[in-house]
Amino acid sequence: MKLYEVPRNSKIRIIDENVMSPWGAKSVNTGDVLDFHNIDGMYSLSYDEDKNPVHIATWTEVEVLDD
C-alpha cells in the first residue's frame, strides 16, 4: 500500500526497495519500522524507534502493522 493511503498515527514497515527522502533528512531502509504521523506535501512525518523524525516520500510502499 502507498503511504498516502495509510491512516494517520499508524505503525508501518517500509517494503519499498527505493526509499526517497528529502536531502539532508535521516535515511531509512527497506524493513525499517516507523510510527507514521501525517503527510505534509510530498513527504511525511514519521518517527523511528528512537523517536527521531523521519521524512519519506508519500508514494513509498509500506505495510501497516497491527499493534
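Modeller: Buried means under 20% relative accessible area, exposed means over 50%, and partly exposed lies in between (1.4 Å probe, protein chains only). This is a predicted model, where local features need pLDDT of at least 70, side-chain atom pairs count only at pLDDT 80 or more, and totals for chains, interfaces and linings use all residues. Residues are numbered from 1 along each chain as its sequence is written, and side-chain values use heavy atoms, leaving out hydrogens and water.

Biologist: What makes aspartate 48 buried?

Modeller: Aspartate 48 has 9%, which is under 20%, so it counts as buried.

Biologist: How do you know that aspartate 48 and lysine 26 form a salt bridge?

Modeller: A salt bridge needs a side-chain nitrogen of Lys or Arg within 4 Å of a carboxyl oxygen of Asp or Glu. Here the closest N and O atoms are 3.4 Å apart, so the pair qualifies. Aspartate 48 sits in the loop between E3 and E4, and lysine 26 in the loop between E1 and E2, so the pair ties together parts 22 residues apart in sequence. E marks strands: DSSP runs of at least two residues, numbered from the N terminus.

Biologist: Why is lysine 51 called exposed?

Modeller: Lysine 51 reaches 59%, which is over 50%, so it counts as exposed.

Biologist: What makes lysine 51 and aspartate 35 a salt bridge?

Modeller: Their N to O distance is 3.7 Å, so the pair is within the cut-off. Salt bridges that share partners join Lys11, Asp35 and Lys51 into one network.

How values were computed
Helix = DSSP H or I, 4+ residues; strand = E, 2+ residues; numbered from the N terminus.
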